[in-house]
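Here are my notes on the model you sent over. Have it open while you read, and tell me if any point looks off.

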Amino acid sequence: MRNQDTHNDNRYNDDRNNHKRYKKNMANEDMANHDRYNDNTPNHDRFHCIIAVSNRHLCSRPFSEQIRRVCRCHPRALILREKDLPEEEYLLLAREIQDICDAYQVPCILHTFWQVAIELNSPYIHLPLPVLRKCRQNQAGDDVLSSFTEIGTSVHSVADMKEAERLGATYVTAGHIFSTDCKKGVPPRGLGFLKDVCQSSNIPVYAIGGIHLEGDQLARVMDCGAAGGCIMSGIMKL
């Protein structure tokens, strides 16, 4: 029994000396506690086809705590969208959020700031379509984009969808599909638009706009051919 205790102590010490393993162990422990105590989060089975989109302004708790809470549900990915930040502040935030996502093995997709993504060795970037287009206009931009294994962009028409594919996007978000407070007064493009985009696409399409964690919106967009949905408000208030 004493030998077993010594072995366990040594293993614990090894984990503490290895930062990545330690973070992963902490994430696993948090996940176990989350499942054990049932904190009323939605059914995790839905999250494999949800891309979480961040907006720190919507959080009722500290942003990093909210991201950790989201990551416990293991969404398909998290887009760190805080594009209103200056690049220097985005870098600091991205470093922290990337560590949290890594601990839970959730891909952290950085948004707009491709220089930050390169500095942090992130293989994932989401660029507005005009930025992606500009990057493809010269060799230097092509070289930058070659650093990424996943390149996402947002589309609002079938023509956008086709251009995104030509520019090397590996997935797109299409919207907005349903009415949403994020686009107050702007009519949604609807499911017919989404179906047209999905039928014209050879890469995964994720619907965005007015999709809730509970309800049938996610099933409806997937019936149109979408690979899943992006959720901001519901995720940030989870």
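1. Ground rules. This is a predicted model, so to speak of local features we need pLDDT of at least 70, side-chain atom pairs count only at pLDDT 80 or more, and totals for chains, interfaces and linings use all residues. Residues are numbered from 1 along each chain as its sequence is written, and side-chain values use heavy atoms, with hydrogens and water left out.

2. Overall make-up. The protein chain has 11 helices and 8 strands (DSSP runs: H or I with at least four residues for helices, E with at least two for strands, numbered from the N terminus). Of its 238 residues, 45% are buried, meaning under 20% relative accessible area with a 1.4 Å probe and protein chains only, while exposed means over 50% and partly exposed is in between.

3. The largest pocket. Its volume is about 780 Å³, taken as the space filled by probe spheres set on grid points that are joined across faces, edges and corners. A pocket here is an open set of points on a 1 Å grid over the protein atoms alone, where a 1.4 Å probe fits, with protein on both sides within 12 Å along at least five of seven lines; lining residues have an atom within 4 Å of a point. The lining has 37 residues, and R81, C182, K183, I208 and M232 are the closest to the centre. β6 gives the largest share of the lining, 3 residues.

4. S54. You'll find S54 in the loop between β1 (50-53) and α3 (63-71), and S54 is buried at 2% relative accessible area. What does its side chain reach at 3.0 Å? The backbone nitrogen of R81. The side chains of S54 and E82 also make a polar contact of 2.5 Å (N or O atoms within 3.5 Å; within protein, one must be able to donate a hydrogen and the other to accept it, and residues adjacent in sequence count only if both atoms are side-chain atoms).

5. Most residues other than glycine have a negative phi, and most peptide bonds are trans. The bond from G175 to H176 is cis, with omega near 0°, and H176 sits in the loop between β6 and α9 (190-199). Q105 has a positive phi of about 60° and is exposed at 56% relative accessibility. N121 has a positive phi of about 55° and is exposed at 67%.
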